[in-house]
Amino acid sequence: MGEKRNKDELTVRYAFIQCFFWMMFGGAIGFVSVYLLDCGFNNTQIGLLIAVAGLFSAILQPMMAGYADKEKSPSLKILLILFLLVQVVVNILLLAVHHKSAIFTGSLYALLLLMMQMLVPLVNALGMESINQKKRLNFGVARGTGSMGYAFVVYVVGIVAGKIGAVAVPAALLLVSSMLLVGVFFFPFQKTLRQVSETAEEEKGNLFLFFKKYPRFCVTLVGCVLVYISHVLLNSFTFQIVREKGGGSAEMGSAMAMASLFELPTMFLFAFMLKKVRCDIWFRISGIFFFLKTLGTLLAPNISSFYAVQVFQMLGWALITVSSVYYVNSIMEKQDAIKGQAYMTMTYTLGSVAGALVGGALIDSLGVISMLGFATVSAAAGMVIMLLTAQKAK
């Protein structure tokens, strides 16, 4: 009974972190176009800004993960607190300079996106480290709570932004980043002290040695980048897609909220699903549903059908989010775990860079439908690679 109580308490604490992290993520990524269009940016400029933030994040993520893996580095908890303090300050500045300086506003928002993407592997590793320390924690339930938070924030901010304007975006981000900081501060965490050889320490800091050790993983990451390009195109330019289908910011918030709610069954039940089918199989299946959602979005003729397409989120984004964390944890040696999570997260970042650069330019030059056609081809290619190269979990 005591063990179950401890598991429930730790899951609740970690669920609080996941909830407010994905509220922050949803507010920042989901409303990037709403906010920056209001500040005078065009689609190409928005894409470039997202791409620059993603590029720097892609460079810094493995460096930060390699540093976090070192014995003498601060714990994940300390690193998260430091990053979140920066996030809070950036959101305060965004509120202060709203509509005053487009260049400064764009730079701050790019920094916000960069820092937020760097937080993803650290937040995931915080949960997996607790599991690896035999502290029982239900990662799927915690991550499902994150989707509930995401659904809530995009729905509410979509309505509020329609009434008071885009200033609702940094205001919401300030609130949720502050709550996330509180959650991380009170989360019980101890850094794992691992006994590793000098060779392992060398591998931590060397990209080529890492991929020489895990060559098939490297190819699988390419597939992830391609499916994430399609995902980023759908999410970073949701506002433009919804307008093409005949809606506005409120309909955008509703569609994003629906997609997040469809994630819940998968995330809450993933611990049970994992007992029935290996995590690598679930990981492969997720690629199929990324393709189906992108194709469905391309073919949807109106808002109602666009709403219906969100059901594919259940076994697309929801499934890869939880299965990829377990997948990486199962195929990596312990000393490579955080770095493996960072490389998996980096695929999303690289997808953000490519998707943002191509998406904004395609919309401005050829229109939303052409952008969705490109996204569908990218998702199909990524799906095939994931199906063929994902390795069997240990």
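**Notebook: core, salt bridges and one serine**

I looked up the nonpolar core first. In this predicted model, the largest nonpolar core has 129 residues. Phe-21, Tyr-109, Leu-113 and Phe-217 have the most contacts inside this core. Helix α5 (residues 102-132) gives the largest share of the core, 16 residues.

I noted the terms. A nonpolar core is a set of buried Ala, Val, Leu, Ile, Met, Phe, Trp, Tyr and Cys residues joined through side-chain atoms within 4.5 Å. Buried means under 20% relative accessible area, exposed means over 50%, and partly exposed lies in between (1.4 Å probe, protein chains only). Helices (H or I, at least four residues) and strands (E, at least two) are DSSP runs, numbered from the N terminus.

Residues are numbered from 1 along each chain as its sequence is written, and side-chain values use heavy atoms, without hydrogens and water. Local features need pLDDT of at least 70, side-chain atom pairs count only at pLDDT 80 or more, and totals for chains, interfaces and linings use all residues.

**Tyr-109**

I checked what Tyr-109 touches (contact: heavy atoms within 4.5 Å). Leaving out residues up to four places away in sequence, its partners include Gly-27, Phe-31, Tyr-35, Leu-94 and Leu-173.

**Salt bridges**

How many salt bridges are there by this rule: a side-chain nitrogen of Lys or Arg within 4 Å of a carboxyl oxygen of Asp or Glu? I count three.

Glu-9 and Arg-13 form one of them, at 3.3 Å from N to O. They sit four residues apart in helix α1 (residues 2-30), so about one helical turn separates them. Glu-9 is partly exposed, at 39% relative accessible area. Arg-13 is also partly exposed, at 32%.

Asp-280 pairs with Arg-278 at 2.8 Å, N to O. Is Asp-280 buried or exposed? Asp-280 is buried, with a relative accessible area of 0%. Arg-278 is partly exposed, at 35%.

Asp-280 also forms a salt bridge with Arg-284, with the closest N and O atoms 2.8 Å apart. These two are four residues apart in helix α13 (residues 279-299), so about one helical turn lies between them. Both Asp-280 and Arg-284 are buried. Shared partners join Arg-278, Asp-280 and Arg-284 into one network.

**Ser-286**

I stayed in helix α13 and found Ser-286 there. Ser-286 counts as buried, at 0% relative accessibility. Which residues does Ser-286 contact, leaving aside neighbours within four places in sequence? I listed Leu-315, Gly-316, Leu-319, Ile-320 and Met-386.
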